[in-house]
Amino acid sequence: MKKFLRGALYTVIGLVVLMIGSVWVLGLKRHADAAPEALAALQPGDDVAVEQGHYIVLRPRRNAEKMGVIFYPGAYVDARGYATTLRPVAAAGYRVVIVPMPMEFAIFGLNRVFDVQAAFPDIRRWVLIGHSLGGAMAATFASNHPDALAGLVLWDSYPTSAASLANYPRPVWHVHRATPDGKPPAAFTERRNLFPANSQWLPIPGGIHMYFGSFDGGGYQEDWAPSISRVAEHKIVVAATLQALDSIAAGAPR
């Protein structure tokens, strides 16, 4: 019996190792590198202080901090690629903490919010932002811990059916790619019931999934070719995100 259990244990361990190895190999094939403009956005300046260590931390220098922002990146991307869209958010008065994920896969770092909150106890109110898979995991965290955040902002993502936000008590904003006439992809429309009825959806007409940051390469299959430039999309993403954050900050208990 012991020999059988030992064999079964080795089989399970082997399957886990195989699964992790497969995820790693797939990540190598689909990886998106941070573009040069994103790396340039990580240089400290008069507007933003930058710390690169366990987390990538962007702090405003000219404006008082209104709230903290935790960011969950998408899968198989260099998290630094989001600096171009998150630096202006920090400059506007938000401490932004970008959380690199284990194996660049947010499913393995679902509860990193708690680690960030413990690392920065001087910030009492936090909003979680997530892009793509990072958005799905952000939604899952929010669903599991409804009192841990002041609100949630999803970038081009949606909750899983197992973690519906339909009854989530905090504000939820969705900044998403859209057709030139402003319609979201069918995948989003079909899952509208997983969002709170009062959630705010902000479209980016002509935008695409990978333009939420600055990346080179990557294996994401877009629904359509962009009809706006990456720079133009960045401006819309930043404006929409600040609209969401300012609204949440104004209504969040202090």
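# Reading a predicted chain: patch, rings and charges

Q: Which residues make the nonpolar surface patch of about 250 Å²?

A: Met103, Ile107 and Phe108 make this patch, whose area is about 250 Å². The structure is a predicted model, and every value discussed here is computed from it. As to position, Met103 is found in the loop between β5 (94–98) and α4 (112–119).

Q: How many helices and strands does the chain have?

A: There are seven helices and ten strands in the chain. Of its 254 residues, 48% are buried. The accessible surface comes to about 11,900 Å², and carbon and sulfur atoms account for 58% of that surface.

Q: Among contacts between residues at least 6 apart in sequence, what percentage join residues at least 24 apart?

A: The general idea is to ask how far along the sequence two touching residues lie from each other. Among contacts in this chain between residues at least 6 apart in sequence, 70% join residues at least 24 apart.

Q: How many aromatic pairs does the count come to?

A: Two rings pair if their centres lie within 6.5 Å, and the angle between their planes then gives the kind of pair. The count here comes to twelve aromatic pairs. In one of them, the ring centres of Tyr82 and Phe215 are 5.1 Å apart and the planes stand at 80°, so the pair is edge-to-face. This pair links distant parts of the chain, since Tyr82 lies in the loop between β4 (67–72) and α3 (83–91), while Phe215 lies in strand β10 (residues 215–217), 133 residues apart. Both Tyr82 and Phe215 are buried.

Q: Why is the pair of Phe105 and Phe108 tilted?

A: Planes under 30 degrees apart count as stacked, those over 60 as edge-to-face, and the rest as tilted. The planes of Phe105 and Phe108 stand at 45°, with ring centres 5.6 Å apart, so this pair is tilted. Phe105 has 18% relative accessibility and therefore counts as buried, whereas Phe108, at 36%, counts as partly exposed.

Q: Which residues do ring pairs link into a cluster?

A: The cluster consists of Phe71, Tyr82, Trp155, Phe212 and Phe215, linked by ring pairs.

Q: Over which ring does the charged end of Arg177 sit?

A: A ring may also be read together with a charge. The charged end of Arg177 sits over the ring of Trp224, at 6.0 Å from the ring centre.

Q: With which residues is Pro185 in contact, leaving aside its neighbours within four places in sequence?

A: Pro185 is in contact with Arg177, Asp223 and Trp224. Pro185 lies in the loop between β8 (172–178) and α6 (186–189), and its 5% relative accessibility makes it count as buried. Pro185 and Asp223 are 38 residues apart in sequence, yet their C-alpha atoms are 7.8 Å apart in space.

Q: How many salt bridges does a search of the whole structure find?

A: Side chains of opposite charge can pair when their charged atoms come close. The search of the whole structure finds twelve salt bridges. In one of these, the side chains of Arg87 and Asp47 meet at 2.9 Å, N to O. This pair links distant parts of the chain: Arg87 is in helix α3 and Asp47 in the loop between α2 (36–40) and β2 (48–52), 40 residues apart. Arg87, at 14% relative accessibility, counts as buried, while Asp47, at 23%, counts as partly exposed.

Q: How far apart are the closest N and O atoms of Arg59 and Glu51?

A: These atoms are 2.7 Å apart in the salt bridge that Arg59 forms with Glu51. Arg59 counts as partly exposed at 23% relative accessibility, and Glu51 counts as partly exposed at 34%.

Q: Is Glu190 buried or exposed?

A: Glu190 is exposed, its relative accessible area being 58%. Its side chain meets that of Arg191 in a salt bridge of 4.0 Å, N to O. Arg191 has 28% relative accessibility and so counts as partly exposed. Elsewhere, salt bridges that share partners join Glu65, Arg95 and Asp122 into one network.

How values were computed: Residues are numbered from 1 along each chain as its sequence is written. Side-chain values use heavy atoms; hydrogens and water are left out. Rings of Phe, Tyr and Trp (its six-membered ring) pair if their centres lie within 6.5 Å; planes under 30 degrees apart count as stacked, over 60 as edge-to-face and the rest as tilted. Helices (H or I, at least four residues) and strands (E, at least two) are DSSP runs, numbered from the N terminus. Buried means under 20% relative accessible area, exposed over 50%, partly exposed in between (1.4 Å probe, protein chains only). A charge sits over a ring if NZ of Lys or CZ of Arg is within 6 Å of the ring centre and within 35 degrees of the ring normal. Patches are made of residues with over 30% relative accessible area and no salt bridge: like charges are joined within 9 Å, nonpolar side chains (Val, Leu, Ile, Met, Phe, Trp, Tyr) within 5 Å. Accessible areas come from the Shrake-Rupley method with a 1.4 Å probe; for residues, only the protein chains shown count as cover. Contact means heavy atoms within 4.5 Å.
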